[in-house]
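Please keep the sequence and the model in view while reading.

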Amino acid sequence: MRFGGRKVAKGQLEYLLEASEWSTVTVRVIPFTCEDFVEATYPLLYAGGVVPQLDTVQMDSPVGGVFITAAAQLKRYVGMLDTAERSSLSEWESAQLIHRIAREL
């Protein structure tokens with residue numbers, strides 16, 4: 001079993017490109033060269049819908065999943081996600097960057 005290396009990294013990038021074509025997935029890359037976005041946080045999922053009172057953030061942490069529903073905290077995460085979106089490449093540019101990196105491997 002392999003846990004790393006070029007072959008594994010290339011496979012992961014190719015899978016990411018495949019997943020980016022699904023109608024339910026959007027892949028946007030924030031390059032390391034971007035100085036507008038500096039955020040260190042745990043992986044999170046923002047689930048929002050028609051009824052804002054039901055919006056929820058699910059965040060992974062070292063002690064397990066955390067669900068956040070308080071309006072003030074949700075506002076913070078919405079702001080963070082907005083900043084990430086503004087700082088990221090477009091979907092097309094992201095796919096091109098991922099494709100180029102995979103080719104270089």
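## Terms and basis

A residue is called buried under 20% relative accessible area, exposed over 50%, and partly exposed in between, using a 1.4 Å probe and protein chains only. By that scale Pro-43 is exposed, with a relative accessible area of 52%.

The model is predicted: local features need pLDDT of at least 70, side-chain atom pairs count only at pLDDT 80 or more, and totals for chains, interfaces and linings use all residues. Residues are numbered from 1 along each chain as its sequence is written, and side-chain values use heavy atoms, with hydrogens and water left out.

## Nonpolar cores

A nonpolar core is a set of buried Ala, Val, Leu, Ile, Met, Phe, Trp, Tyr and Cys residues joined through side-chain atoms within 4.5 Å. The largest one has 7 residues: Leu-13, Leu-17, Val-27, Val-29, Leu-97, Ile-98 and Ala-102. Helix H1 (6–19) and helix H3 (91–104) each supply at least two residues of this core, and the largest share, 3 residues, comes from H3. Helices (H or I, at least four residues) and strands (E, at least two) are DSSP runs, numbered from the N terminus.

Contact means heavy atoms within 4.5 Å. Not counting residues up to four places away in sequence, Leu-97 touches Val-29 and Leu-89. Another core, of 6 residues, lies apart from the largest one and includes Val-57, Met-59, Leu-74 and Tyr-77.

## Salt bridges

The structure holds 2 salt bridges, each defined as a side-chain nitrogen of Lys or Arg within 4 Å of a carboxyl oxygen of Asp or Glu. In one of them, the side chains of Glu-85 and Arg-28 meet at 3.5 Å, N to O. This pair links distant parts of the chain, 57 residues apart: Glu-85 is in helix H2 (residues 71–87), and Arg-28 is in the loop between H1 and strand S1 (44–47). Glu-85 is partly exposed at 47% relative accessible area, and Arg-28 is partly exposed at 33%.

The side chains of Glu-104 and Arg-100 also form a salt bridge, at 3.8 Å, N to O. Both residues lie in helix H3, 4 residues apart, about one turn of the helix. Glu-104 is exposed, with a relative accessible area of 58%, whereas Arg-100 is partly exposed at 42%.

## Individual positions

Pro-43 lies in the loop between H1 and S1. Leaving aside neighbours within four places in sequence, Pro-43 is in contact with Gln-58, Met-59 and Asp-60. The C-alpha atoms of Pro-43 and Thr-83 are separated by 15 Å, and the two residues are 40 residues apart along the chain.

Asp-82 is located in helix H2 and counts as partly exposed at 36% relative accessibility. The C-alpha atoms of Asp-82 and Ile-30, 52 residues apart along the chain, are separated by 13 Å. Gly-4 sits in the segment before H1 and is partly exposed, with a relative accessible area of 30%. Between the C-alpha atoms of Gly-4 and Val-78, 74 residues apart along the chain, the separation is 34 Å.
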